[in-house]
Amino acid sequence: TNTVGCTASSSRSGCTNKHIRIHITITLEEVHSGCEKTVNVRVPNKPDRIVKCQIPAGVEHGQVINYPGLGDNSVPNAPAGDLLVNVGVRPHSRYARIPETNDLVMPYKINAFDAMLGCKVNVPTIDQKFLSVSIPEGIQPGQLVKMSGMGIMGVNKVRGDFYLEVQIEIPTNLSESQRKTLDEFRKMLIL
């Protein structure tokens, strides 16, 4: 809320300018790289101000960043209030951030044969590169494959980890020939 402790024309001591709170939303890619956002700051009884806010890499969803002196300044001869920017992070279509870490997790589907025999896959990273990842043989549904140092860049300039959460796709529309071959394969595994 943009409220002032007293009127701009008041000369009483103790009058202060208030903090102004605003909300912005950024993408997960902007969390990774850091970004600059231009915001419109409404100050009581004055024209709006345009302020450029530097958002550091690694910011958390719901984190409040304080910009001293950029809030309300409508009370003369009193220090300006602060601008408090509440940062929201838009959900991503591919990745999820593990809360309170710089780690990312991404569901990744493979077929049952690749799960049994192992495979190599090319995985897109948050910085729009591709990474060749080895899926070990015998991997189970929900098991995680870790790629160290490939997650989100943190405020401490240390990158988190990136995990693939393996999901195994089971075919549903088998032909008679495929069904027969798989049944023979199953009998071989049981022996």
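**View 1. Salt bridge between Asp 183 and Lys 187 in helix α3.** The side chains of Asp 183 and Lys 187 meet in a salt bridge at 3.4 Å, N to O, a salt bridge being a side-chain nitrogen of Lys or Arg within 4 Å of a carboxyl oxygen of Asp or Glu. Both residues lie in α3, 4 residues apart, about one turn of the helix, and together with Arg 186 they are linked in a network of salt bridges. This is a predicted model, in which local features need pLDDT of at least 70 and side-chain atom pairs count only at pLDDT 80 or more, whereas totals for chains, interfaces and linings use all residues. Residues are numbered from 1 along each chain as its sequence is written, and side-chain values use heavy atoms, with hydrogens and water left out.

**View 2. Salt bridge between Asp 161 and Lys 146.** The closest N and O atoms of this pair are 3.5 Å apart, and the pair links distant parts of the chain, with Asp 161 in the loop between β10 (144-147) and β11 (162-169) and Lys 146 in strand β10, 15 residues apart; strands are DSSP runs of E, at least two residues, and helices runs of H or I, at least four, numbered from the N terminus. Asp 161 counts as buried at 16% relative accessibility, whereas Lys 146 is partly exposed at 47% (buried means under 20% relative accessible area, exposed over 50%, partly exposed in between, with a 1.4 Å probe and protein chains only).

**View 3. Salt bridge between Glu 30 and Lys 37.** The side chains of Glu 30 and Lys 37 meet at 3.0 Å, N to O, and Lys 37 is partly exposed, with a relative accessible area of 22%.
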